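Hi everyone, thanks for coming. Have a look at the sequence and the structure on the screen, and I'll talk you through a few things in there.

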Amino acid sequence: LLSAVPASAADECFGNKPAAVRLDECSKLIQSNSKNAAALHERGRIYLELERYDEASIDLDRVTRLNP
(Lines give C-alpha, C1' and ligand atoms only; values in the text may rest on other atoms or scores of the structure.)
Protein backbone atom coordinates (compact mmCIF):
# COMPACT_ATOMS: atom_id res chain seq x y z
CA LEU A 1 0.00 0.00 0.00
CA LEU A 2 1.21 3.47 -0.82
CA SER A 3 -0.44 4.94 2.27
CA ALA A 4 2.56 3.97 4.43
CA VAL A 5 4.74 6.37 2.43
CA PRO A 6 4.01 10.03 1.76
CA ALA A 7 2.20 10.62 -1.51
CA SER A 8 5.19 12.66 -2.64
CA ALA A 9 7.31 9.48 -2.79
CA ALA A 10 4.90 7.96 -5.28
CA ASP A 11 4.69 11.21 -7.22
CA GLU A 12 8.48 11.47 -7.41
CA CYS A 13 8.99 7.79 -8.28
CA PHE A 14 6.66 7.99 -11.26
CA GLY A 15 7.21 11.64 -12.15
CA ASN A 16 9.47 13.51 -14.51
CA LYS A 17 12.27 14.25 -12.08
CA PRO A 18 15.91 13.34 -12.74
CA ALA A 19 16.68 9.62 -12.60
CA ALA A 20 18.55 9.87 -9.29
CA VAL A 21 15.52 11.46 -7.58
CA ARG A 22 13.11 8.92 -9.06
CA LEU A 23 15.43 6.07 -8.05
CA ASP A 24 15.53 7.26 -4.42
CA GLU A 25 11.79 7.67 -4.21
CA CYS A 26 11.04 4.31 -5.81
CA SER A 27 13.44 2.71 -3.35
CA LYS A 28 11.51 4.30 -0.47
CA LEU A 29 8.28 2.83 -1.80
CA ILE A 30 9.88 -0.60 -2.13
CA GLN A 31 11.32 -0.40 1.40
CA SER A 32 7.84 0.25 2.75
CA ASN A 33 6.29 -2.55 0.66
CA SER A 34 8.65 -5.06 -0.94
CA LYS A 35 5.77 -6.38 -3.09
CA ASN A 36 5.05 -3.04 -4.76
CA ALA A 37 5.33 -4.30 -8.33
CA ALA A 38 4.72 -0.88 -9.88
CA ALA A 39 7.59 0.70 -7.95
CA LEU A 40 9.87 -2.28 -8.67
CA HIS A 41 9.05 -2.04 -12.36
CA GLU A 42 9.70 1.69 -12.44
CA ARG A 43 12.96 1.31 -10.52
CA GLY A 44 14.01 -1.40 -12.97
CA ARG A 45 13.29 0.99 -15.86
CA ILE A 46 15.33 3.70 -14.14
CA TYR A 47 18.24 1.30 -13.68
CA LEU A 48 18.06 0.54 -17.41
CA GLU A 49 18.09 4.26 -18.15
CA LEU A 50 21.21 4.56 -16.00
CA GLU A 51 22.77 1.52 -17.71
CA ARG A 52 22.85 -0.36 -14.40
CA TYR A 53 21.78 -3.58 -16.06
CA ASP A 54 22.42 -6.06 -13.23
CA GLU A 55 20.24 -4.08 -10.82
CA ALA A 56 17.59 -3.64 -13.50
CA SER A 57 17.52 -7.37 -14.08
CA ILE A 58 17.02 -8.07 -10.37
CA ASP A 59 14.09 -5.66 -10.03
CA LEU A 60 12.41 -6.72 -13.26
CA ASP A 61 12.80 -10.38 -12.32
CA ARG A 62 11.09 -9.64 -8.99
CA VAL A 63 8.22 -7.99 -10.86
CA THR A 64 7.83 -11.07 -13.03
CA ARG A 65 7.70 -13.31 -9.95
CA LEU A 66 5.10 -11.05 -8.29
CA ASN A 67 2.95 -10.81 -11.44
CA PRO A 68 3.59 -13.90 -13.56
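So, is Cys26 buried or exposed? Cys26 is buried, with a relative accessible area of 0%; buried means under 20%, exposed over 50%, and partly exposed in between, using a 1.4 Å probe and protein chains only.

Some ground rules. This is a predicted model, where local features need pLDDT of at least 70, side-chain atom pairs count only at pLDDT 80 or more, and totals for chains, interfaces and linings use all residues. Residues are numbered from 1 along each chain as its sequence is written, and side-chain values use heavy atoms, leaving out hydrogens and water.

Okay, back to Cys26. Cys26 forms a disulfide with Cys13, with the sulfur atoms 1.9 Å apart; the rule is a pair of cysteine sulfur atoms within 2.5 Å. Cys13 sits in helix 1 and Cys26 in helix 2, 13 residues apart. Helices here are DSSP runs (H or I, at least four residues), numbered from the N terminus. The link is right-handed, with 90 degrees about the S-S bond. Cys13 is buried too, at 0% relative accessibility.

Next, Ile46. Not counting residues up to four places away in sequence, Ile46 touches Cys13, Ala19, Arg22, Leu23 and Cys26, where contact means heavy atoms within 4.5 Å.

And what about Arg22? Arg22 lies in helix 2 and counts as buried at 10% relative accessibility. A polar atom of the Arg22 side chain lies 2.9 Å from the backbone oxygen of Lys17. Leaving aside neighbours within four places in sequence, the contacts of Arg22 include Glu12, Glu42 and Glu49.

Conventions:
Helix = DSSP H or I, 4+ residues; strand = E, 2+ residues; numbered from the N terminus. Polar contact = N/O pair within 3.5 Å; in protein donor to acceptor, adjacent residues only side chain to side chain.
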